[in-house]
Amino acid sequence: MNFEGPTEHIRRAIAAFWKRVAGWSGDQMKDAGAIVCFLMIKDLAHVAGVYEMMEGHITRQDFNF
């Protein structure tokens, strides 16, 4: 099997992603970091058996800052 095609496609996608992230404002980076931290804590709570599913999705208003 030849992986050159998919590898090149993934490389271009990753490069495009980082170019997009490089254009983010400080607030957008803080939002992304807060969401990542929340998701890590959620996963730990899920493994511990104390996590309850939330309705909807995460928004900036879900955080107190």
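Directly after helix H2, Gly49 adopts a positive phi of about 85°. Residues are numbered from 1 along each chain as its sequence is written. The model is predicted: local features need pLDDT of at least 70, side-chain atom pairs count only at pLDDT 80 or more, totals for chains, interfaces and linings use all residues, and side-chain values use heavy atoms, with hydrogens and water left out.

The chain holds two helices and zero strands; helices (H or I, at least four residues) and strands (E, at least two) are DSSP runs, numbered from the N terminus. Helix H2 covers residues 26-48, and its 23 residues reach 33 Å from the first C-alpha to the last. That is close to the 33 Å expected at 1.5 Å a residue, where the expected span is 1.5 Å times one less than the number of residues.

Of the 65 residues of the chain, 5% count as buried (under 20% relative accessible area; exposed is over 50%, partly exposed in between, with a 1.4 Å probe and protein chains only).

Helix H1 (residues 4-22) contains Ile10. Together with Ile14, Phe17 and Trp18, Ile10 forms a nonpolar patch on the surface.

The whole structure has one aromatic pair. Phe17 and Trp18 form this pair, which is edge-to-face, at 5.1 Å centre to centre and 70° between the planes (ring centres within 6.5 Å, using the six-membered ring of Trp; planes under 30 degrees apart are stacked, over 60 edge-to-face, the rest tilted). Phe17 counts as partly exposed because its relative accessibility is 42%, whereas Trp18, at 53%, counts as exposed.

Technical notes
Patch = residues over 30% accessible without salt bridge, like charges linked within 9 Å, V, L, I, M, F, W, Y side chains within 5 Å. Areas by Shrake-Rupley, 256 points an atom, 1.4 Å probe, with all protein chains shown as cover. Salt bridge = Lys/Arg side-chain N within 4 Å of Asp/Glu carboxyl O.
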